[in-house]
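Please walk me through this structure, one part at a time. I am new to reading models like this one.

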Amino acid sequence: MTGSVQTLTVALSLLVALPAAAFAEADGALSPVAAAEALHARTAGADLDLVRSHVVELAELARRHIDEAGLETALEDFRNPPWLREANGLHLWGVTTAGVSWFDTGHPELVGIDVSNITDIEGRFWTQLAVASALETGEKVFLLLFPHPKTAKSAVGFHTCFMLEDGERVLCAGAFEDAPTG
């Protein structure tokens, strides 16, 4: 009986030591990092439904990664591949409920700036839309119109956000429609 208990104890300790990603991949679901790699291998082209879908998927993966890795580790990870994608600028960004940019992998020059009074081309206050998305008092996925980072022409961008546990910071995923660079 003692041998059986020891074998069971060793087996259980090995199971506990295996990373959660191994279990996720074993049952068919990818870890958030592997899923982000798969997401970033795809492009949306001019298909706005796909852009929208990619934004929602990235936000869900970011939330899962925060839950699994912890906020500080996840934020550092978000600054590097596979969380960044050049095609259509799929990236993560964040504002506080007071309207200060606190995180932005697509536009790091905005971090620390009060962006509460900045609008898109059509006059939409994007920080208000982000907070409303995160609080679920507005649209889950909202549209903004900004100059495309490659062409400088007006381009549709989709964004979706969620509130972090501190209740003061919002994290969002966003992307533009893919646009030809030539």
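**A walk through the model**

Trp102 has a relative accessible area of 15%, so Trp102 is buried. Buried means under 20% relative accessible area, exposed means over 50%, and partly exposed lies in between, with a 1.4 Å probe and protein chains only. This is a predicted model, in which local features need pLDDT of at least 70, side-chain atom pairs count only at pLDDT 80 or more, and totals for chains, interfaces and linings use all residues. Residues are numbered from 1 along each chain as its sequence is written, and side-chain values use heavy atoms, with hydrogens and water left out.

Stay with Trp102 for a moment. The charged end of Arg169 sits over the ring of Trp102, 4.7 Å from its centre. For this, NZ of Lys or CZ of Arg must be within 6 Å of the ring centre and within 35 degrees of the ring normal.

Next come the rings. The whole structure holds 5 aromatic pairs. Rings of Phe, Tyr and Trp (its six-membered ring) pair if their centres lie within 6.5 Å; planes under 30 degrees apart count as stacked, over 60 as edge-to-face and the rest as tilted. One of the pairs is Trp102 with Phe103, which is tilted, at 5.5 Å centre to centre and 40° between the planes. Phe103 has 3% relative accessibility, so Phe103 counts as buried. Another pair is Phe78 with Trp83, which is edge-to-face, at 4.8 Å centre to centre and 70° between the planes. Both Phe78 and Trp83 are buried. Together, Phe78, Trp83, Trp102 and Phe103 form one aromatic cluster.

Helices (H or I, at least four residues) and strands (E, at least two) are DSSP runs, numbered from the N terminus. Helix α5 spans residues 71-78, and Ala74, Leu75 and Phe78 are buried in it. These three cover an arc of only 100° around the axis, so they lie on the same side of α5. The arc is that of the directions from the helix axis to the C-beta atoms.

Now follow β5. Which strands run beside it? Strand β1 (residues 91-96) is antiparallel to β5, with 6 bridges joining them. Two strands pair if DSSP finds at least two bridges between them. Gly94 has Leu171 as its bridge partner in β5. Strand β4 (residues 154-163) is also antiparallel to β5, joined by 7 bridges. Here His159 stands opposite Gly174. β4 and β5 form a hairpin with 5 residues between them, and Gly167 in the turn has a positive phi of about 70°.

A disulfide (a pair of cysteine sulfur atoms within 2.5 Å) joins Cys161 to Cys172, with 2.1 Å from S to S. Cys161 lies in β4 and Cys172 in β5, so the pair ties together parts 11 residues apart in sequence. The torsion about the S-S bond of Cys161 and Cys172 is about 105°, so the disulfide is right-handed. Both Cys161 and Cys172 are buried.
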